[in-house]
Number of protein chains: 2
Amino acid sequence: MAFNRVSVDRAIAWVDAATSRLPTEDTAVSAAYGRVLGADVRAPRPIPVYAVAALDGYAVRAEESVGAGAYNPLAVPLITVSAGDPIPEGTDAVAPIGQVEAEDGSILLSAPLAPGDNLSAAGSAAAAGALLAAAGTLLLPHHIGLFASAGLVELAVVRKPRARLAFAGSIPTDGDADGPMLRAALARDGATVAAASFADALAEPDADLVLVVGGTGPGPDDRSAAALAAAGELALHGVALRPGETAGFGRTAAGLPALLLPGAPADCLWAYELFAGRAVRRLAGREPALPYRRGRAALARKLVSVIGITEICPVRRLADREVEPLSSFAEIGLAAVAGTDGFVVVPEASEGWPRGAAVEVYWHPNR
Amino acid sequence: MAFNRVSVDRAIAWVDAATSRLPTEDTAVSAAYGRVLGADVRAPRPIPVYAVAALDGYAVRAEESVGAGAYNPLAVPLITVSAGDPIPEGTDAVAPIGQVEAEDGSILLSAPLAPGDNLSAAGSAAAAGALLAAAGTLLLPHHIGLFASAGLVELAVVRKPRARLAFAGSIPTDGDADGPMLRAALARDGATVAAASFADALAEPDADLVLVVGGTGPGPDDRSAAALAAAGELALHGVALRPGETAGFGRTAAGLPALLLPGAPADCLWAYELFAGRAVRRLAGREPALPYRRGRAALARKLVSVIGITEICPVRRLADREVEPLSSFAEIGLAAVAGTDGFVVVPEASEGWPRGAAVEVYWHPNR
């Protein structure tokens, strides 16, 4: 398997074939924020379980209010209820606070009530067994509240992918930037990370994915591709992607999917985002596409790209729907992200676009 | 201060006047993912610090290549360099691998090189002092990589808001849903949380914000507003918001901003999202608006809302730009979030919109 650039689509197809959603594990509802549901969640009992007051007021037995009127107020026992309280035994309606007079342990009704007035019947919000959230849902704060209020205590969520992170190249003289950057991206994508030596990463079975950083070039000093080929399988080496051209793909001795990420930080970032991150997101049961919001904007200047290679181009927002291309990663490395608001992916077949063209922008999250 | 519904805008103005960005603290670059920059970050040294090879190849002294040609190959010493390596002393250009023949400790140049060919000069990506990211930036994985590769070790980030969470109401019979839901939302918005008794929450100074859940109604059994008024100040009680109508706003004995959140889970959620969450996001230096992506979509059915009250209406996505309103929170409480993809905020002055109207939808994140 010699260095031989394949298309980004071909590399993505390899990632997709090599990864699928991990099995589930049980977790407490209170700890499930940000996890992905591994199975449909259904109401274990009706919501509400009992009839509850729909508002603050007084619980009454409706039949005792028959005949009540402005000129014929009827006194019934004072039983205070707050919105959400179960209706006390023997009552079946709620008289709203403010619409009745209360004194000395009784209230005066000046209008009749029907059974069920101002209360929510058992099961009126959801029947037992109703679908509360489908498998694959990314759990947000409101899901936690919904599940807890439905009486659920544990949930089946997709297990977090365990990534093993190893370095095959030499650590750059200006310190390791790839490790902290990858750990942040892995956390964002829902994975846990363990460091490993290069040799252990190629041999040990105890992970879901192996990421090897550095030493991916085609030169004689680059050892990661040859070592992966010797230990397991090197399926692809080289992608028509800039930055990220020397990424590699294969399997370790233990059969784990392994991604070789270039050591230059900008190349490392984009090989992660497009390929390794996609593998993590697929294992985690998340949306596999790039985790950035997309939108269309017009180019304030022409954007030039090389035909035959997919290029990631940083852009800055000028106006609501206008962006300016900035210096490329090829020119200035990771410094190209300084001052950017997002990026454009210029496909292999395109040589860029003229000024004014509408392009799809991936926006960096700002919240 | 009696219960007296104010507009959502009035309540938001109170929150904005009561909160501002917290001071900064230093954190390691490697731990800064998800934090908000407290000050501009500038390059502490040029990027790159030294001239580095722009590609894999051989470092040469350009003047030794003068006169080289296809019919006059010149032999120079073999000095291998990888992309990103500092250029060895005494060399000033890089001959690309593949374009020269290498043998026995020397390479054969068949074309002349100019000084600087195929290398990135010191400071060519960013000069010392260049702005790498502005104060207020939410730090993403690429920032971590950029700062680490620029040689930064520590950063000034906005301190995380410390929220004190107390319950004034009785815990509902079906268990506490508000606590886990609020903890998830507080984590999302960048806060840390400590539980407290109601009395301690009103008295202790050691927090940035106090959230009191439950007991917010206007009824005689509801004690949170009266207790806040007695301990410190009750500035507002009641908002024209559904759900969330009984939210309250004030200051504790220690002068901390205090938000009273209704106990009913749907009311608690929305009083948090619009007001308490906004306070947290402002303290954290984040974008204060609702942390949901917005977009326009057409209503598949009419959406009815009460005039005089801002209403949060759950919606489901039917097609790319079409949404269907679902059962309201007023009807079925937090069960109204089941199966939703987002929500619409119907302003106070609106009674809703007809079928086909274009509305602004807040979409739930799915990644």
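# Notebook: a sheet in chain B, the A–B contact, and some single residues

I began with chain B and found six strands forming an open sheet in the order 14-13-15-19-18-16, with mixed pairing. I looked up the edges next: strand 14 (192–195) and strand 16 (233–237) of chain B each have a single partner strand, so one side of each has no neighbour in the sheet. Neighbouring strands of this sheet are turned against each other by 25° on average, direction ignored. I note here that the model is a predicted one.

**Entry: strand 13 and its partners**

I followed strand 13 (residues 162–167) of chain B and found that it runs parallel to strand 15 (residues 209–213) of chain B, with five bridges joining the two. Which residues stand opposite Arg164(B) in strand 15 and in strand 14 of chain B? In strand 15 I found Val210(B), and in strand 14 I found Ala194(B). I also looked up Phe167(B), which stands opposite Val213(B) in strand 15 of chain B. As a reminder to myself, side chains in a regular strand alternate between the two faces of the sheet.

**Entry: helices of chain B**

I checked what packs on the sheet. Helix 1 (residues 8–18) of chain B does, touching strand 16, strand 18 (248–251) and strand 19 (257–261) of chain B. The direction of helix 1 makes about 25° with that of strand 18 of chain B. Helix 5 (residues 224–231) of chain B lies across strand 15, strand 16, strand 18 and strand 19 of chain B. I noted its angle to strand 16 of chain B as about 140°.

Where does helix 6 (residues 265–283) of chain B bend? I found the bend at Tyr272(B), and it comes to about 50°. I then looked at burial: helix 6 of chain B is largely enclosed by the rest of the structure, because 16 of its 19 residues are buried. After helix 6 of chain B comes Gly285(B), with a positive phi near 80°.

**Entry: the contact between the chains**

I turned to the two chains together. Chain A gives 54 residues to the contact, and chain B gives 54 residues. The size of an interface is often given as the accessible area lost when the parts come together. For chain A and chain B I noted a buried area of about 4500 Å², with 68% of it from carbon and sulfur atoms. How many salt bridges are there between chain A and chain B? The count is zero.

I then picked two residues that touch the other chain. Gly217(A) lies in the loop between strand 15 (209–213) and helix 5 (224–231) of chain A. Is Gly217(A) buried or exposed? Its relative accessibility is 12%, so Gly217(A) counts as buried. Leaving out residues up to four places away in sequence, I found Gly217(A) touching Asp222(A), His237(A) and Thr246(A), as well as Asp56(B). I also noted Glu245(A), 28 residues from Gly217(A) along the chain, with 8.7 Å between the two C-alpha atoms.

His364(B) is in the segment after strand 26 (358–363) of chain B. It has a relative accessibility of 14% and so counts as buried.

**Entry: backbone details**

I looked up cis peptide bonds in chain B. One runs from Ile47(B) to Pro48(B), with omega near -10°. Pro48(B) is in the loop between strand 2 (41–42) and strand 3 (52–53) of chain B. Another joins Arg242(B) and Pro243(B), with omega about -5°. I placed Pro243(B) in the loop between strand 17 (241–242) and strand 18 of chain B.

I also looked for positive phi in residues other than glycine. Asp104(A) has phi near 45°, and I found it in the loop between strand 8 (101–103) and strand 9 (106–109) of chain A. With a relative accessible area of 82%, Asp104(A) is exposed. In chain B, Asn118(B) has a positive phi of about 60°. The place of Asn118(B) is the loop between strand 9 (106–109) and strand 10 (119–120) of chain B. At 28% relative accessibility, I noted Asn118(B) as partly exposed.

Note on methods: Residues are numbered from 1 along each chain as its sequence is written. Chains are lettered from A and ligands numbered from 1 in the order in which they are written. This is a predicted model: local features need pLDDT of at least 70, side-chain atom pairs count only at pLDDT 80 or more; totals for chains, interfaces and linings use all residues. Side-chain values use heavy atoms; hydrogens and water are left out. Two strands pair if DSSP finds at least two bridges between them. Helices (H or I, at least four residues) and strands (E, at least two) are DSSP runs, numbered from the N terminus. Axes are lines fitted to C-alpha atoms, for helices over the stretch in contact, and angles run from 0 to 180 degrees between N-to-C directions. Contact means heavy atoms within 4.5 Å. The bend at a residue is the angle between axes fitted to the seven residues ending there and the seven starting there. Buried means under 20% relative accessible area, exposed over 50%, partly exposed in between (1.4 Å probe, protein chains only). Buried area is the accessible area (1.4 Å probe) that two parts lose on being put together, summed over both. A salt bridge is a side-chain nitrogen of Lys or Arg within 4 Å of a carboxyl oxygen of Asp or Glu.
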